[in-house]
Amino acid sequence: MNSLAAAVLISGSGTNLQALIDAAAGGNLGLELAVVLSNKPDAKGLERARNANISIECLPHQDYAERAQFDAALVRKLDRYTPDLIVLAGQTAIEDAGGVAMTCCGGRVDAKDASGSEILAPRSY
């Protein structure tokens, strides 16, 4: 099975991230965790990613006057890793989730909340 490249967005301790790391290491996800990105430079989850040899990026939202500027910077960071999938593992504040995913994931959007309920309908442009 081919693995999908995943970008994981976090903002805190990284417990959701650790579950992904463990499952990916066990071959149970079909994912390659390509990058972990946090909006908080002191997020413990960045250390978890570092310990698992996953690339890390930090993008403090306070550095941007407007949310759209943050989302554009997020796209630029994520684009370096060409993710097939963006996983919101704690960081849920993406104002234009569809636009970010459309730009970074080649038009494939399928966003669900933790319960599996759809929060953003798949679409293409």
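Which strand does Ile 86 lie in?

Modeller: Ile 86 lies in strand β4, residues 85-88. Before going on, note that this is a predicted model: local features need pLDDT of at least 70, side-chain atom pairs count only at pLDDT 80 or more, and totals for chains, interfaces and linings use all residues. Numbering starts from 1 along each chain as its sequence is written, and side-chain values use heavy atoms, with hydrogens and water left out. Helices (H or I, at least four residues) and strands (E, at least two) are DSSP runs, numbered from the N terminus.

Ile 86 has a relative accessible area of 19%, so it is buried. The scale runs as follows: buried is under 20% relative accessible area, exposed is over 50%, and partly exposed is in between (1.4 Å probe, protein chains only). Val 36 is 50 residues away along the chain, yet the two C-alpha atoms are 9.9 Å apart.

Most residues other than glycine have a negative phi. Thr 82 is exposed because its relative accessible area is 55%. Asn 53 makes a second case: not a glycine, but with a positive phi of about 60°. Asn 53 sits in the loop between α2 and β3 (55-58). Its relative accessible area is 73%, so Asn 53 is exposed.

An α-helix has 3.6 residues a turn, so residues three or four places apart point the same way.

Now to strand β2, residues 31-38, where Leu 31 is placed. Leu 31 counts as buried because its relative accessibility is 14%. Leaving aside residues up to four places away in sequence, Leu 31 touches Ser 3, Leu 4, Ala 6, Ala 24 and Leu 85. Contact means heavy atoms within 4.5 Å. The C-alpha atom of Leu 31 is 8.9 Å from that of Leu 20, which is 11 residues away along the chain.

Next, a helix pair. Helix α1 (residues 15-25) packs with helix α2 (residues 44-51) at about 15°, axes 9 Å apart. Axes are lines fitted to C-alpha atoms over the stretch in contact, and angles run from 0 to 180 degrees between N-to-C directions. The two helices are therefore roughly parallel, the class for angles under 35 degrees. In this pair, Thr 15, Leu 17, Gln 18 and Ile 21 of α1 meet Gly 45, Arg 48 and Ala 49 of α2. These contact residues divide into 3 nonpolar, 3 polar and 1 charged. Ala, Val, Leu, Ile, Met, Phe, Trp, Tyr, Cys and Pro count as nonpolar, Asp, Glu, Lys and Arg as charged, and the others, Gly among them, as polar.

Last, the overall picture. The protein has 4 helices and 6 strands, in the order β-α-β-α-β-α-β-α-β-β. Of its 125 residues, 40% are buried. Among contacts between residues at least 6 apart in sequence, 54% join residues at least 24 apart.

Notes: Parallel < 35°, antiparallel > 145°, perpendicular 65-115°, else oblique.
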